Amino acid sequence: MLNINVGGLVIPEALLDNWHTIVNLTTDLLKLSSAAVYVCRNDNKAEELCGYVSEDVFPQVSSESVIPFVQTVMKSHQPLWFPDPDNGKTARLMSEPVPTVSTAGAFPLFWPTRQLFGVFVIAHGHDRVLTGKEHLLLENYRQTIEFHLAGIYQQAEIRHLNHRLEQFQDLDYKNLTDFLCQEIDRRKVVEQQLRYHKHYDSGTGFLNRFSLDMKLRNLLSVNQDEFALIYIGFQNAYVLQSQFGYQAWDDVLRQYRKRLASLDSRFRIMTARPNSTDLILIVESEQLISDLEKICHILSEQSQTEMMVQQDSFPLRSYVGVATAAEGQTAVALIEEAFSAMLSCKDSGDSWAYSSELLAKSPLRIHQLENFLYNAVKNENMRLYFQPKVCPDTYQWQGAEALLRWQHPVLGDISNETLIHLAEKNGLIFEIGAFVLRAAISKASQWRHYAPVFKMAVNISARQLCDVRLVEQVKQFLDEFHLPASYLEIEVTESALITDETMALEVLERLHALGITLSLDDFGTGYASFSYLKKYPFDCIKIDKSFIHSIEHNDKDREIVRSIIQIAGKLDLQVIAEGIETQAQEQFAIREGCSSCQGFLYGRPMPSHEFEKKLIQQELAGCHSSE
């Protein structure tokens, strides 16, 4: 469509006569006081082109009486009814009561370019309710006028093209060729832009919903066993959108995806934007389950982060739902599976969650899960990984945190978080918890001979903490492996305490009486962290890694961490800084007086043989340096 100046177009007399007939028929057939067509001028004023006031209907309505309705439609570009059926909202748009008008309707008239031409208006002196057929008649009249406007515009386009052809005749061959080449180039650019916007989101450059559906339909038809959908939702997306606008949120999504750039070199991933707030990752892999675990771990590291919005830093909490395809499943159903998993992740507080479809399609069916887990413990397919806890001043390894891994022959490595989540749902958490405690205490008993100040930390789930058998179980394993209780540290989270506070208090007090160190994990992320320090016998707190990650660029988080450490010192509590990855984070922890540090800067979780080897090397190096 050419860019025609509609303000310069003239309505032919023949059409004006036709419009006069339309307004006359409107008043006569509907028995109304008046009807008219107004045109909008450049000075935002309305001018009547044709109108009719019935002489047989009283009270009569003058042309001046309908002007307020016309002006309202000119501003809003929306139809208007008076009185408005929606609780009188439209009536309040009138600056003052309109004399002699009890019923009115006004409808915008548009050029084909959607520019406003004018207003078609009706009015009546008494209350009048139009029937469905009468509404249809008015709509047909409105469409007829717009059809006439389209014809006038098309004639203007033809005149414009004829004028350009006349210009071509005055060009020589070379200039004509250059002109046509420029036209072709411009058309190619426009076509490329149209193709791009058909498949990609204009705000972020990710696949749009149309391309997402096409891609999923293709994958479902050829290799549904080798791809999965990861749905990423954000807790405060709508808040940021409403506060800063859609463009600012587009920038947040681009920032977030940029932080996941490490995924692109390791996995086959496409990014899509299913709606205005969320993201979807399409993962293709021949080792799908194991790759999903690795990707979810990376996403988990970004689950609580800071984003720059218009030069200010804001917290961003993400939730991840994972779904794989089932036979006969549609693209829409697959997206809904992943979306539901994301929502369940929000409810549980986990960083990610699998949809039930993943369990249903794999050998790990619900009714088989119990046998798989029992066999995993029996056959030692489960194993512990260990991440060192380090004194930041001396780099001496003070202990380790035990993390569970399950090596399944089909599913591959299953992480600590996923496994505990599945075990709690299926009632096997106590058996698996017993395996973790026994194996961790056994290793701590061996390693304390290499490092006299060594302390082993074990995570306890909410279900374990509410089981009175836990204390006797821990005591039994300590006796079995001759490990003093002071070499064991029990870590619990706020969510575990909330489940049954009375039972949790009893169990923790009994564990503490044995001489076991108690640590409150993920400190600072809940609503009642400080109150728990008063209520429960904790010896140590672990500052959540989301605060540590942002202390380099967020003044507020830096002050929060500083305050936590100061309060912990006054309460005679030790402080562990979790998630240390950079020298700057380490130096901050040292300056503020953290007791221990843990993070990738010192070592990732590693199998027992690798941890033991490095522990011995570290202790030998310490001995040599002291001689």
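One cavity of 30 Å³ or more was found in the predicted model. A cavity is a set of points, on a 1 Å grid over the protein atoms alone, where a 1.4 Å probe fits but cannot get out. Residues are numbered from 1 along each chain as its sequence is written. In this predicted model, local features need pLDDT of at least 70 and side-chain atom pairs count only at pLDDT 80 or more, while totals for chains, interfaces and linings use all residues; side-chain values use heavy atoms, without hydrogens or water.

The largest cavity has a volume of about 70 Å³, taken as the space filled by probe spheres set on the points. Its lining has 15 residues, and Ser-34, Ala-35, Ala-36, Ser-63 and Val-66 are the closest to the centre. A lining residue has an atom within 4 Å of a point. S1, strand S2 (46–53) and S5 each give two or more residues to this lining. Strands are DSSP runs of E with at least two residues, and helices are runs of H or I with at least four. By class, the cavity lining has 10 nonpolar, 4 polar and 1 charged residues. Ala, Val, Leu, Ile, Met, Phe, Trp, Tyr, Cys and Pro count as nonpolar; Asp, Glu, Lys and Arg count as charged; the others, Gly among them, are polar.

The second largest pocket holds about 490 Å³ of space. A pocket is an open set with protein on both sides within 12 Å along at least five of seven lines. Of its 20 lining residues, Val-39, Cys-40, Arg-41, Leu-116 and Phe-117 are the closest to the centre. Strand S1 (34–40), helix H2 (67–76) and strand S5 (116–124) each supply two or more residues. H2 gives the most, with 3. The pocket lining divides into 12 nonpolar, 6 polar and 2 charged residues.

Helix packing was examined next. Helix H15 (residues 469–480) packs on helix H17 (residues 501–513) at about 20 degrees, with axes 9 Å apart. Axes are lines fitted to C-alpha atoms over the stretch in contact, and angles run from 0 to 180 degrees between N-to-C directions. H15 is therefore roughly parallel to H17, a term for angles under 35 degrees. Leu-470, Val-471, Glu-472 and Val-474 of H15 contact Val-507, Arg-510 and Leu-511 of H17, with heavy atoms within 4.5 Å. These residues comprise 5 nonpolar, no polar and 2 charged.

The axes of helix H13 (residues 429–447) and H15 come within 9 Å and cross at roughly 30 degrees. H13 and H15 are therefore roughly parallel too.

Definitions and conventions. Parallel < 35°, antiparallel > 145°, perpendicular 65-115°, else oblique.
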